[in-house]
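Colleague: I am new to this one. Please take me through it step by step.

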Amino acid sequence: AGIELELTPIGREAFVFFVSRRNPVSGLTQAQVRQIYSGQVTDWKDVGGPRRQIDAYQRNPDSGSQTAFEDVMAGVEIMDPPSWQTFTGMDLMAYRVLDYKNSPGAIGFSFRYYLDSMIRSDEIKLLAIDGVAPTLANTASGEYPFARDFYAVTARARDQLPDADGSAGFDRSARAENAARLIDWIASAQGQELVRKVGYSPLAG
């Protein structure tokens with residue numbers, strides 16, 4: 001439609017890997033994550049845990065978390081998991097990891113907000129990566145390596161934008177101005193405090 005979009009960062013989120021609280025492993029390196037999900041490492045004993053097969057869970061190919069996971073893999077070829085290790089719902093993956101009795105070797109991935117705000121279980125342990133825990137502070141500072149910005153998406157300000165049917169349209173400059181005011185507020189100290197209060201990491205600085 002000839003409309004240009006502007007993407008403005010308004011917060012940060014941690015992409016996390018998680019295990020059962022009863023798994024003694026508390027952290028992995030980036031290299032170990034890629035080795036596990038490429039099939040090079042298949043036993044927890046090789047990453048500091050007990051002798052136990054690693055069940056590396058994944059999401060369905062068209063999910064947002066699977067797309068983020070592919071970015072984390074940085075071009076390393078991902079192994080094809082058996083069907084029982086692939087989940088169409090994030091909650092299904094999380095609850096399978098929680099079922100330690102039947103899935104003691106499980107590892108999954110998600111966004112921190114989802115696990116903290118939707119699953120809310122003390123039985124899940126978020127793994128540190130390269131020795132850095134995925135806390136709000138570490139995510140905001142960028143110290144946690146799997147941090148991602150999220151954005152407000154708005155139409156670039158123009159005095160005249162076409163209607164959907166291609167007609168001349170009407171003056172939308174006021175609408176664009178209001179959108180800019182909203183984005184400025186989200187980026188302000190007050191807006192960033194709200195980002196933090198709802199469970200995301202504010203932007204650094």
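**A first tour**

Modeller: Start with burial. This is a predicted model, and of its 205 residues, the share that is buried comes to 41%.

Colleague: How many helices and strands are in the protein?

Modeller: Both kinds of element are present in the protein. The count is 7 helices and 11 strands.

Colleague: What share of the contacts with a separation of 6 or more joins residues 24 or more positions apart?

Modeller: Take the contacts in the protein with a separation of 6 or more. Then pick out those between residues 24 or more positions apart. Their share is 70%.

Colleague: How are H6 and H7 oriented to each other?

Modeller: H6 covers residues 173-187 and H7 covers residues 189-197. Their axes come within 4 Å and cross at roughly 70°. Angles of 65 to 115 degrees count as roughly perpendicular. H6 and H7 are therefore roughly perpendicular.

Colleague: Which residues in H7 do Trp185, Ile186 and Ala187 meet?

Modeller: Trp185, Ile186 and Ala187 belong to H6. On the H7 side they meet Ala189, Gln190, Gly191, Gln192 and Leu194.

Colleague: Is Gln192 buried or exposed?

Modeller: Gln192 is found in helix H7. Its relative accessibility is 10%. Buried means under 20%, so Gln192 counts as buried.

Colleague: Which residues is Gln192 in contact with, leaving aside its neighbours within four places in sequence?

Modeller: Gln192 is one of the H7 residues that H6 meets. With those sequence neighbours set aside, Gln192 is in contact with Ile10, Ile186, Ala187, Pro202 and Leu203.

Notes. Residues numbered from 1 in each chain as written. Predicted model: local features only at pLDDT ≥ 70, side-chain atom pairs only at ≥ 80, totals over all residues. Heavy atoms only, no water. Helix = DSSP H or I, 4+ residues; strand = E, 2+ residues; numbered from the N terminus. Buried < 20%, exposed > 50% of the residue type's maximum accessible area, 1.4 Å probe, protein only. Contact = heavy atoms within 4.5 Å. Axes fitted to C-alpha atoms, helices over the stretch in contact; angles between N-to-C directions. Parallel < 35°, antiparallel > 145°, perpendicular 65-115°, else oblique.
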